[in-house]
Amino acid sequence: MLRIVARIQRRSALVWVAVLGASLIGTAASIAALYDTPAKIQTYATAVTTGNALVAINGKVEGIDSLGGVIQDEFGFLAAFLLPLLGISLGARATRREEESGRLELLLAGRIARHEPTLAALLVATATICATAAVFAVGLAVTGVPVVGSVLYALSLGALAFTFAGLAALLAQLTLHARSVYTWSLIVLAASYVVRGVGDVTQTWVTWLSPLGWAEKAAPFGDQRWWALAIPVAIGLGLGGAALRLASRRDVGSALLRGGAGPARASARLRSPIGLAVSIHRPATLGWLAGGILLTGMMGALTQQLLDAVAGNPALSEAVGIVAGRPMDGFVAATQLYLAIIAAGYVVQAIGTLRAEEAEGRLEMRLSGTLSRSRWLAAHALVVLGGLVTIVVCSSLVLGLATALSVGDTAELGPIVSSGLAYLPAELVLAGLALAIYGLRPRLFGLAWAGYAVMTFIAFLGPSLKLHQWVLNLSPTTHVGNPPVGAIETGALIVTAAIAVILVAVGFAAFQRRGVPQG
Amino acid sequence: MTDTAPIVRTEGLTKLFGTVRALDGLDLIVRPGEVHGFLGPNGAGKSTTIRVLLGLMKATSGRAELFGADPWHDAPRLHSRLAYVAGDVALWPGLTGGQCLDILGATHGGVDERRRADLIERFELDPTKRVRDYSKGNRQKVALIAALAADAELLVLDEPTSGLDPLMEQAFQRCIRDRRDDGVTVLLSSHIMGEVEALADRVSIIRRGRTVTSGTLAELRRHTRPTVHAVTALEPAGLAGAEGVAQHQSQRQDGHVDSRFTVDPDHLDAILGRLHTAGIHTLTVTPPSLDELFLRNYGDPLGSGAAPGAASSDARGDASGNAAGDASGRAPEGASGDPSGDVPGDESLAEAAR
């Protein structure tokens, strides 16, 4: 059984170890290069400990005035999500997902006891987590962080992932779908994050209620509390044990928490093409919106601290992509570019949903009624456009308000929102590209993602890699004018919008003419 | 358009996917008020034909007419008069069955609310359950109820009963008969013989994108021979060599004579006389089942890949003995499109069916 699970998980486990290892070591190396003197580390420590925003986001790191502390602080936000996610995905994939698909039933018909798949999933998860921790420890030690601290830090992160693996394994026994396992685990993670933030800001025992707090309180670069590792390990073992107990006792295919009954009739809104399109796109739209708001809210809240930090350490402004002009404008422009990438990702993904509708046969069903192709596509295009505008406007507003709160001045609100809106034509070019590919050859939809990857690469790294201007011009974001640092280039925006309109028209015309379904 | 004008008509329909010829000159006529069985093995082109008829795909050449109009150009308008159940029913996983019913209903011409409620009861569907939690059979029921509740003149059903249990299959057959009594035309694509035999007025059998034969069940049966199984007190005199008798087998069992053979319909009367003289104990005369018609039309080794395999697995169902027995002793003027390959194919099929 262990071999089967190991086989199923091998690829994703390797990817996890590689991605996590690379992101920590990358962070560590760039920090070691950036803060190469004790004085610079001291400046950083003072910058991040004044005010509460960074403490709430990255956590309150003990021993912040050492290289390890700086790394722990910088990696804090990423680690707070990536490591629990590692545990959750390892816990859920080999258990409920297999059961839901019916593959588990096939295995249990063989000489395998009911609890063995869960046990094997937990063992594989533990092995993957140990491998990740080992990569972390070695990576940190190589960067020049004290070995003992590195090992404790790596173990505390591993224990964090282990707690969530146990949680996911238990939830997999309780819920009916792998989807619900992810949903509930992520809710627990979000709650842990908030509780840890509250505890750190108020400097009370509340931090000890959160799994993220346990990792933090191990204080690998401060007091080094080794015993704090016992809490997550014990709780992870407890959750895993409960999962095993449930797995050996319950019926296969059953679940304690079942989805409740839903409405027996569809509302008039849901029956309309637009209403149904809204319900199809809603989850993804909310997800991308949450991402946008998280990004802009965080950046906005940090504005004042960042301005202070930049004043003390000019190298920092280059590290976050601000090249010239007023630091405040540079900061907003960089954030808006990030937001544009998020928004463009949303439109490509949302139009990709149409391909899924077609490949899974739902489009055929829809078009066998009185709904014409153009109305169906128009309804979806409108809803995606609405989602895009919502994401851009809401995130820009959040950025404006958070910035205003941080610097205590609302003067930036207008320019921030208008620079967000200035990116709309560029985002629509991506939407047009995706729609044209969907209309012409849905099978080649990967090209839309390739276009997105090229745009992201040029937008983020183009200027710092000093690429040729014609390469930079390939990305629609280049033509926006980098507001509010530069002026919005109205003429270029009109041309960009026209290109988007042409691409959309091509998509509609091609969709009208082609056979349905095409996988 | 008069009442007798066909609801569906295709002439020489071809459809190419790249170099693959999915339809190769397919002719199909569905007349108003009939249940038309559309038979063929997997990959014969049934679903492609239906998609062309629904205007979802454009034919490479040939004509397709739905209600006398071109479905490619007029799809939404024509669709207000029909309801469709796809072979592989896909619904929105996050919605409930009831919500899906209403969404599908909203795109049909109109829904009879009373019939909807009645059908939910007949098919024992829980409309408050999420589609994600439904089994395949339950998803199929949602699509069927939506189609049967629609105020449609034509039902287009593409293998509609896959995933239904026998009880629900019965309910489905009753519903189809009710709808036909209301004057609704049904195009029923299937590879389940029993279902088509129980429901269809006329049948078209297709293979590799081409219509092999078409007609009422009686017409199709005219070229085939009933199977006789008789238990008699004495050995029937001269049965084995009698005119019109083939595949004769007989054996003694518990003091009786057990004879099995097929007979040409024209000679049935004379043969029954001989059996009567021998003292009939039990007698069964089985008309050729659709299975045999089907097997007969797929008995072509050139259709090697899918055709014989599909046919033989179906034949194992209920009439395999007949199918095997009937295979070699049949009239040579069979409606097969490729007579030269007819006989060897039958032999291989007969083997497969055993």
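In which helix of chain B is the place of Arg174(B)? Arg174(B) sits in helix α6, residues 166-181 of chain B, where helices (H or I, at least four residues) and strands (E, at least two) are DSSP runs numbered from the N terminus.

## Basis of the model

This is a predicted model, in which local features need pLDDT of at least 70 and side-chain atom pairs count only at pLDDT 80 or more, while totals for chains, interfaces and linings use all residues. Residues are numbered from 1 along each chain as its sequence is written, chains are lettered from A and ligands numbered from 1 in the order in which they are written, and side-chain values use heavy atoms, with hydrogens and water left out.

## Chain B overall

Chain B contains 13 helices and 13 strands, and 53% of its 354 residues count as buried (under 20% relative accessible area, with exposed meaning over 50% and partly exposed in between; 1.4 Å probe, protein chains only). Of the contacts in chain B (heavy atoms within 4.5 Å) between residues at least 6 apart in sequence, 70% join residues at least 24 apart.

Arg174(B), with a relative accessible area of 43%, is partly exposed, and its C-alpha atom is separated by 10.0 Å from that of Arg122(B), 52 residues apart along the chain.

Phe123(B) lies in the loop between α4 (113-122) and α5 (136-149) of chain B and is buried, with a relative accessible area of 0%. Not counting residues up to four places away in sequence, Phe123(B) touches Lys141(B), Ile145(B), Leu148(B), Met168(B), Ala171(B), Phe172(B) and Cys175(B). With the same exclusion, the residues touched by Leu155(B) include Ala83(B), Leu148(B), Ile176(B) and Arg179(B).

## Salt bridges

Side chains of opposite charge can pair when their charged atoms come close. Over all chains there are 32 salt bridges (a side-chain nitrogen of Lys or Arg within 4 Å of a carboxyl oxygen of Asp or Glu). In one of them, Arg362(A) meets Glu357(A) at 2.9 Å, N to O, and both of these residues are buried.

In chain B, Glu159(B) pairs with Lys46(B), their closest N and O atoms being 3.3 Å apart. This pair links distant parts of the chain, 113 residues apart, since Glu159(B) is in the loop between β6 (154-158) and α6 whereas Lys46(B) is in helix α1. Glu159(B) is partly exposed at 22% relative accessibility, while Lys46(B) is buried, with a relative accessible area of 4%. Helix α1 (residues 46-53) of chain B also holds Thr48(B), which counts as buried at 11% relative accessibility.

A network of salt bridges links Arg265(A), Arg271(A), Asp102(B), Glu113(B) and Arg116(B).

## A helix of chain A

Helix α7 of chain A (residues 116-143) has 28 residues and should span 40 Å at 1.5 Å a residue, which agrees with its end C-alpha atoms being 40 Å apart; the expected span is 1.5 Å times one less than the number of residues. Just after α7(A), Gly144(A) takes a positive phi of about 110 degrees.
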